[in-house]
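Q: Please take a close look at one part of this model. Then place that part in the rest of the chain.

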Amino acid sequence: QLRLDNKNFEKIHYYFRTKENLFNTVFQQKIQLLAGSVSASFDHDLPFFDQLRLAIETHFDFVAANPKVLFFIYSEIISNNKRKFMLYESVYPRFENLLASLKKGIDSEVKKGTIRPIQPIELLMNIIALNVITFLAQPLLEIQNERIDDINKILKERKESNVQFIVNGLRV
């Protein structure tokens with residue numbers, strides 16, 4: 001934890017000059033963390049279903065470790081077009097590569113007859129939606145299950161359930 005005495009404040013001011021610059025730097029870092037949570041899974045030389053499982057689980061774990069980051073980014077891009085553009089600039093190259101990797105895997109599996117055709121963006125949206133809603137609904141879990149062990153067990157089961165739901169939804 002950073003103590004903001006005069007010396008630290010001067011260092012922060014020296015590097016960032018304004019609160020806006022500091023905020024933009026933090027925002028950019030959070031965007032990069034989020035983008036990397038899924039895209040790195042498709043950099044591995046693994047079969048498609050293993051890459052898909054890894055992507056879903058990695059994204060789920062990222063959201064679990066940073067539940068407020070998604071809501072922070074979302075609120076910023078909804079309320080500020082400049083931040084929406086920052087998101088686009090930061091994520092678009094990774095996003096294009098991710099969609100290309102997904103398309104390659106999907107096309108290969110469709111050709112083998114193992115999955116139904118699906119647009120890469122639709123698959124990505126399904127992954128994000130399933131994982132994010134889990135943490136949006138977490139306060140309901142906490143009301144129902146007060147013990148932290150129970151919540152962690154439910155989240156672990158939910159992660160596997162999300163993987164199975166996505167995979168089974170693709171199969172022919």
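A: One of the 11 residues of H1 is buried, so the helix lies largely in the open. Buried means under 20% relative accessible area, exposed means over 50%, and partly exposed is in between, with a 1.4 Å probe and protein chains only. Just past H1, Arg17 has a positive phi of about 70°.

Some ground rules come first. This is a predicted model, in which local features need pLDDT of at least 70, side-chain atom pairs count only at pLDDT 80 or more, and totals for chains, interfaces and linings use all residues. Residues are numbered from 1 along each chain as its sequence is written, and side-chain values use heavy atoms, with hydrogens and water left out.

Now the rest of the chain. It has eight helices and zero strands. Helices (H or I, at least four residues) and strands (E, at least two) are DSSP runs, numbered from the N terminus. The C-alpha trace spans about 65 × 40 × 30 Å along its principal axes. Of the 172 residues, 33% are buried. Take the contacts (heavy atoms within 4.5 Å) between residues at least 6 apart in sequence: 68% of them join residues at least 24 apart.

Next, helix H2 (residues 19-39). Its axis comes within 10 Å of that of helix H4 (residues 67-79), and the two cross at roughly 120°. That makes H2 oblique to H4. Axes are lines fitted to C-alpha atoms, for helices over the stretch in contact, and angles run from 0 to 180 degrees between N-to-C directions. Under 35 degrees counts as roughly parallel, over 145 as roughly antiparallel, 65 to 115 as roughly perpendicular, and the rest as oblique. From H2, the contact uses Phe23, Phe27, Lys30, Ile31 and Leu34; from H4, Val69, Leu70, Phe72, Ile73, Glu76 and Ile77. These residues split into nine nonpolar, no polar and two charged. Ala, Val, Leu, Ile, Met, Phe, Trp, Tyr, Cys and Pro count as nonpolar, Asp, Glu, Lys and Arg as charged, and the others, Gly among them, as polar.

Gln28 also lies in H2. At 25% relative accessibility, Gln28 counts as partly exposed. Beyond its neighbours within four places in sequence, Gln28 is in contact with Met86 and Ser90.

H5 and H6 pack at about 105°, with axes 9 Å apart. That makes H5 roughly perpendicular to H6. Phe95, Leu98, Leu99, Leu102, Lys103 and Ile106 of H5 meet Pro120, Ile121, Leu123 and Leu124 of H6. Nine of the contact residues are nonpolar, none is polar and one is charged.

Last, the cores. A nonpolar core is a set of buried Ala, Val, Leu, Ile, Met, Phe, Trp, Tyr and Cys residues joined through side-chain atoms within 4.5 Å. The largest has 20 residues, and Phe48, Leu52, Leu102, Leu123, Ile166 and Leu170 have the most contacts inside it. At least two residues each come from helix H3 (48-65), helix H5 (81-112), helix H6 (120-136) and helix H8 (148-170). H3 gives the largest share, five residues. Ile166 is in contact with Leu52, Ile56, Leu123, Asn126, Ile127 and Leu130, leaving aside neighbours within four places in sequence. A second, separate core of 18 residues includes Ile31, Leu70, Met86 and Val132.
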